[in-house]
Amino acid sequence: MARARPVLVGLLAVVLGLLPAHAQPGDASHKQDCFFRDDFQNWRSPDPATVYIRVRPDHYYRLDLAGQCRRLQSPGAHLINSSRGKSTICSPLDWDLRVTEQTGEAPEQCAVRSMTRLNPAEVDAIPKGFKP
């Protein structure tokens, strides 16, 4: 058992190192919470890899995408978030984002890498014209 302990400690260190920065224990700078899909109200995208969303009247999040979603920059872009059975969004894995420009075309898949709830100062720092 004495040999297993250093292995377990090392494994725990590796697992904690893989957690996203906003999920590190003791990090209270960004509150991660859940919301109902129906509370999602509006969105804006300043670039093909970032989406700002508004939830309820006063909660804002930044979604950092795993890649570029070029259609987000289209004037006629429509954001689609398909449900995977549950009605809450708590993490990037709960998003199934797709973007389309016209009815009837195949939507572009946009994988969410991270989801960060913004504090008031960060909301104020959203580029002009991109606050949802």
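Student: Over which residues does pLDDT stay under 50?
Tutor: That is residues 4-30, for which the model has 11 contacts beyond four places in sequence. Here pLDDT is the predictor's confidence in each residue, from 0 to 100, and contact means heavy atoms within 4.5 Å. Where pLDDT is low, the predicted coordinates should not be read in detail.

Student: What ground rules apply to the rest?
Tutor: This is a predicted model, so local features need pLDDT of at least 70 and side-chain atom pairs count only at pLDDT 80 or more, while totals for chains, interfaces and linings use all residues. Residues are numbered from 1 along each chain as its sequence is written, and side-chain values use heavy atoms, with hydrogens and water left out.

Student: And what's the mean pLDDT of the chain?
Tutor: The mean is 79, and 74% of the residues reach 70 or more.

Student: OK, new topic. How many helices and strands are there?
Tutor: The chain has 2 helices and 9 strands. Along the sequence the pattern reads α-β-β-β-β-β-β-β-β-β-α. Both kinds of element are DSSP runs numbered from the N terminus: helices are H or I with at least four residues, strands are E with at least two.

Student: In what order do the strands of the 4-strand sheet come?
Tutor: The order is 2-3-4-9, in an open sheet with antiparallel pairing. Its edge strands are strand 2 (40-47) and strand 9 (112-117), each pairing on one side only. The twist averages 25 degrees from one strand to the next. For the cut-offs, two strands pair if DSSP finds at least two bridges between them, and the angles run from 0 to 180 degrees between N-to-C directions, with axes as lines fitted to C-alpha atoms, for helices over the stretch in contact.

Student: How many bridges hold strand 4 and strand 9?
Tutor: Strand 4 (residues 59-65) pairs with strand 9 over 5 bridges, in the antiparallel sense. One place to look is D64, whose bridge partner in strand 9 is S114.

Student: Which strands form the 3-strand sheet?
Tutor: That open sheet has the order 5-7-8, again with antiparallel pairing. Strand 5 (78-81) and strand 8 (108-110) are the edges, each pairing on one side only. Neighbouring strands of this sheet are turned by 30 degrees against each other on average, direction ignored. Strand 7 and strand 8 run antiparallel and are joined by 3 bridges; in strand 8, Q109 is the bridge partner of R98.

Student: Let's switch to side chains. How many aromatic pairs are there?
Tutor: The count comes to 3 aromatic pairs. The rule takes rings of Phe, Tyr and Trp (its six-membered ring) with centres within 6.5 Å; planes under 30 degrees apart count as stacked, over 60 as edge-to-face and the rest as tilted. F35 and W95 form a tilted pair, 6.2 Å centre to centre with 55 degrees between the planes. This pair links distant parts of the chain, 60 residues apart: F35 is in strand 1 (residues 35-36), and W95 is in the loop between strand 6 (88-89) and strand 7 (97-100).

Student: Is F35 buried or exposed?
Tutor: F35 is buried, with a relative accessible area of 2%, and W95 counts as buried at 4% relative accessibility. Buried means under 20% relative accessible area, exposed over 50%, partly exposed in between (1.4 Å probe, protein chains only).

Student: What kind of pair do F40 and W95 form?
Tutor: An edge-to-face one, with 6.0 Å centre to centre and 75 degrees between the planes. F40 sits in strand 2, 55 residues from W95, and F40 is partly exposed at 24% relative accessible area. Ring pairs link F35, F40, Y61 and W95 into a cluster.

Student: Back to the backbone: which residue other than glycine has a positive phi?
Tutor: R56, with phi near 55 degrees. R56 lies in the loop between strand 3 and strand 4 and counts as partly exposed at 24% relative accessibility. Most residues other than glycine have a negative phi.

Student: Last one: what is T50 in contact with?
Tutor: Leaving aside neighbours within four places in sequence, T50 contacts R44, S45, R62, L63, D64 and L65. T50 is in strand 3 (residues 50-55) and is buried, with a relative accessible area of 11%.
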